[in-house]
Amino acid sequence: MVDLRLADFPLLSLIIWLPVAGAALLFVIPRSQEALIKIVALLVALADFAVSLPLWFHFDRHFSGFQFVEKHTWIKALGAHYFLGVDGISVLFILLSALITVLCILISWESITDKVKEFYIALLLTSAAMIGVFCALDLLLFYVFWEAMLIPMYLIIGIWGGPRRLYATIKFVLYTLLGSVLMLIGIIVIYLKIGTFEVPTLMRMGLPYGLQVLLFLAFFAAFAVKVPMWPVHTWLPDAHTEAPTAGSVILAGILIKMGAYGFLRFSLSFFPKATLALAVPMLVLSIIAIIYGALACLAQTDLKRLIAYSSVSHMGFVTLGIFSLTANGVEGAILQMINHGVVTGALFMCVGIVYDRTHSREISYYGGLATVMPIYAAFFMVFTMASIGLPGTNGFIGEFLILLGTFQAKKWATVFAATGVILGACYMLWLYQRVFCQKVNPNIAGLPEMKLRELVSLLPMLILVLWIGIYPKSFLSFMHPSVNGLLQHVQAAGPVTSITQLIKEGLHAILFA
Amino acid sequence: MPFSLLNFKALAPEIFLVLVASFMVLFDRAIRAKDFFFWTALLGTLVAWWLCRTSLGISFGESYTADHYGFFLKTIFLLSLFLSILISPVYARRRGFHFGEYYGLLYFAVCGMMLMASGTDLLLIYIGLELMSLSIYVLVAVDWKDPRGLEGGLKYFLLGSLASAFLILGLAIIYGRTGTLFLAKIHQHLSVDPAVLAGIAFFLVALGFKVAMVPFHMWAPDAYEGAPTPVTAFMSVAAKAAGFAALGRIFLLAFASAHPMWIKLLVPFAVLTMFVGNILAVVQTNIKRMLAYSSVAHAGYILLGIAAGTREGLSAVLLYLLIYAFMNIGAFGIVTLLQREGGVGESIYDYQGLARLYPFPALLMLLFMFSLTGIPPTAGFMGKFYLFRSVVHAGHPWLAVLAVLASVIAAYPYLRIVMFMYMREPERELRPAFSLSLWAALGISALGVLIIGLYPGSLLHAVMGSVF
């Protein structure tokens with residue numbers, strides 16, 4: 001049992017349900033009042049971010065258990081609770097989700113003109129479900145938030161997306177659903193074995209080895225699709241590319257982090273033996289994702305698609321760090337998740353800004369943009385550098401910690417992964433060169449510079465890039481106790497038995513479970 | 001339990017239904033204001049439910065047992081009756097069958113279902129089944145100006161009589177081997193031999209036909225498509241629930257000791273039903289046919305609950321049937337709303353752009369579709385969760401895995417409707433027939449789907465106490 005510290009005030013509930021209440025408020029505003037709808041949505045999102053700030057200031061950074069805990073009976077007959085809490089692994093994602101929701105509303109201000117009311121309702125509901133996923137400490141509650149998010153996300157991509165949005169959105173939902181339902185069976189099996197849905201209790205349970213492996217794979221199906229890991233990443237380029245800007249930002253910023261968060265919160269702590277046994281295959285998949293994603297980027301002609309494939313590569317670093325099972329690697333992975341959310345979210349916002357002006361995502365459509373939109377080019381430059389991992393930006397800290405952690409665990413993995421950094425520089429710099437340098441393409445001559453609203457929506461991201469890059473301690477200090485507790489738990493489960501024994505036990509569990 | 005030979009009180013709801021139904025059929029000519037029958041039928045449903053609540057007991061020797069199991073199922077029948085009546089008037093008036101017999105036949109059908117749910121004597125179950133089936137055969141063809149209805153009704157009737165023959169055959173074999181028709185006594189005397197297994201198989205075929213189990217589902221798409229939509233809504237939920245009521249009681253009470261045998265028979269059918277239903281639903285372009293195949297698939301999931309063979313499995317079946325009533329009648333309510341003469345509003349392409357023209361009905365349809373898919377926070381998820389949990393608990397995790405995989409296939413046809421409504425532009429002018437009673441039915445269904453989805457606690461408690 002992990003330590004719990006109860007909350008005096010239901011802060012987490014407030015953060016989750018405020019956007020839902022906001023969505024309900026939007027529902028009753030008449031459709032024609034578009035300006036009012038946008039303002040209300042923005043105010044709700046800002047208020048939600050404001051109420052999430054106490055998490056930053058009042059979070060006890062020396063406590064390894066769960067804080068701000070709320071627990072009420074939800075479904076008595078099933079033993080499910082409305083059970084919320086945060087630790088050093090989840091707390092930053094809640095803040096990031098709340099922030100990104102605000103920015104998504106700002107960036108969609110003028111680009112969404114159709115079904116405005118539905119859009120902001122869907123956006124706020126997505127935000128609530130995302131925050132719920134990071135707060136839930138009851139497996140059933142977690143699953144409800146995890147799946148509920150599919151509904152607004154399906155609509156966001158499908159209604160307001162690009163030309164191939166219908167294909168992209170149904171592919172996204174079917175992929176995610178296929179993974180999730182296997183996890184649902186895993187959740188049921190765990191519940192029937194242990195008799196509870198409570199994550200803090202389950203985190204210290206000891207299941208038989210063979211069963212751990214099966215359950216690890218069931219959860220892996222859900223998380224690997226969400227991350228996404230190679231070879232189940234193929235929904236991501238389509239979904240990211242076809243989604244509206246806000247949808248891409250949410251997908252890249254938060255949604256795909258949920259997969260990696262799932263590995264950290266559930267796979268590692270529930271199935272430590274299976275984690276140790278399967279760490280190397282996971283590292284191999286991560287390396288393939290890093291290199292494959294980077295190579296795919298070099299071949300792209302579509303701006304958003306390129307950034308989407310870069311996500312595959314960057315998320316490969318995240319899973320690499322997680323399964324290095326070292327403190328540096330895991331902390332680097334968590335930080336890199338935040339970084340990736342900030343940087344890739346910002347890059348998608350940048351693409352959205354020019355897309356609103358030109359309605360083209362083709363790289364060859366642009367050229368010499370730095371002459372036309374110099375301030376914009378400067379912003380894009382910083383985010384490009386952060387994506388590459390230039391020292392002084394947040395990308396450097398995250399990738400460096402991951403590579404350091406992996407080097408401590410498996411040296412060969414670091415060698416392969418580091419090539420991803422080099423390839424990253426290739427595709428991002430080449431992209432920058434093609435879009436911003438060279439002769440001014442007549443297509444884009446005379447494009448107006450960024451508006452104040454667009455500048456304001458990029459500015460927080462810029463500040464975060466530099467803040468994490470220069471002084472990462474204020475973020476890393478959240479993680480130390482929780483990460484150390486988690487890794488001690490995993491290492492204590494070792495050493496694991498041989499793979500033949502594993503297969504034998506697995507078969508036993510299948511046949512006689 | 002008190003043993004009484006002629007306890008008419010336990011039969012009060014059925015007697016009441018027959019009386020009201022006879023009244024509605026007989027006095028149809030005398031009463032011009034046909035809305036009178038609508039209100040009578042609506043009110044009568046509530047009274048019947050109250051009677052069910054207050055008259056638990058055993059009657060006619062051990063032939064009839066009005067227990068909690070029966071009560072829960074009767075609640076489902078009456079709920080679907082209530083909702084189906086609410087969505088009927090506008091449609092029935094337009095098609096010219098808004099008269100007393102229509103409501104009378106619905107009542108007779110429900111009376112038959114109640115006998116099936118509370119019958120503890122094979123013969124009584126058979127009589128209930130026939131009463132239900134004959135009423136529904138007529139109801140499918142009640143819109144006699146529509147040739148599709150006649151075709152569907154005739155098909156259902158011909159195949160249905162075959163199923164009845166199977167039931168009689170099974171009944172005869174079981175009687176021959178055990179010497180009794182009382183379920184509890186069959187349970188005592190049942191010894192597993194080939195003849196008994198054949199009898200069990202015949203029961204499975206006959207009742208499988210009623211719940212639209214593959215490969216005995218052939219009638220379902222035609223009957224569902226041809227029948228007037230409110231009738232489709234009613235039969236897709238209530239007749240299925242009645243079939244499962246009898247299946248549950250016969251297989252888990254009378255044939256309980258043969259569970260290791262019949263589970264081997266049932267599981268392949270259940271798996272086939274889930275996959276065939278969902279895969280065929282993918283290619284349908286008529287919304288009623290799509291929902292028909294989806295209803296086949298849902299029968300497959302529910303069969304798993306029976307196959308589990310545990311009390312928990314049976315309670316999951318009950319919960320699922322109740323949830324299915326809300327979401328499926330809700331979906332058919334939307335179909336009724338949009339349907340027009342000449343098949344307008346039946347093609348799924350007619351749903352294109354619905355969200356732009358009529359945002360609120362589209363939103364409700366979205367809710368029902370996600371619930372049928374089984375995505376939280378809707379009731380459909382809770383039903384599936386509890387069902388699959390009971391299957392895993394009974395020791396069949398791989399069946400649950402197959403079931404969830406089948407439910408992923410199902411996502412496509414349902415989400416395609418959502419896609420058409422929200423992500424395409426309208427092509428055809430639809431003129432929905434809004435009416436207060438239809439809104440009421442949709443509102444009740446939507447609330448049911450949301451409330452059970454978010455807070456199923458007390459309902460779960462109720463189903464757990466409703467298993468014999």
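Which residues does B:Val110 touch, not counting residues up to four places away in sequence? I looked this up and found B:Leu17, B:Phe77, B:Leu78, B:Leu81 and B:Ala238. Two residues are in contact if their C-beta atoms, placed from the backbone, lie within 7 Å.

**Ground rules.** I note that this is a predicted model, where local features need pLDDT of at least 70, side-chain atom pairs count only at pLDDT 80 or more, and totals for chains, interfaces and linings use all residues. Residues are numbered from 1 along each chain as its sequence is written, while chains are lettered from A and ligands numbered from 1 in the order in which they are written.

**Chain B as a whole.** I counted 20 helices and two strands in chain B. Helices (H or I, at least four residues) and strands (E, at least two) are DSSP runs, numbered from the N terminus. The C-alpha trace spans about 65 × 55 × 40 Å along its principal axes. I then checked the radius of gyration, taken over C-alpha atoms, against the globule rule of 2.2 Å times the number of residues to the power 0.38. For 468 residues a compact globule would have a value near 23 Å, and the 21 Å of chain B agrees with that.

**Burial.** In chain B, 62% of the 468 residues count as buried. A residue is buried if 20 or more other C-beta atoms lie within 10 Å of its own, exposed if 12 or fewer, and partly exposed in between.

**The core.** I went back to B:Val110: together with B:Leu106, B:Val110 touches the most other members of the largest nonpolar core, which has 407 residues. Helix H14 (residues 311–338) of chain B gives the most to this core, with 20 residues. Such a core is a set of buried Ala, Val, Leu, Ile, Met, Phe, Trp, Tyr and Cys residues joined through C-beta atoms within 7 Å.

**B:Ile417.** I found this residue in helix H18 (residues 397–423) of chain B. B:Ile417 counts as buried because 23 C-beta neighbours lie inside 10 Å. Leaving out residues up to four places away in sequence, B:Ile417 touches B:Ile348, B:Tyr351, B:Met365 and B:Met369. B:Met369 is 48 residues from B:Ile417 in sequence, and their C-alpha atoms are 7.7 Å apart.

**A sheet in chain A.** Three strands of chain A form an open sheet in the order S1-S2-S3, with mixed pairing. Strands S1 (4–6) and S3 (80–86) are the edges, each pairing on one side only. Two strands pair if DSSP finds at least two bridges between them. I found two bridges joining S1(A) to strand S2 (residues 66–75) of chain A, and these strands run parallel. A:Leu6 has A:Val69 in S2(A) as its bridge partner.
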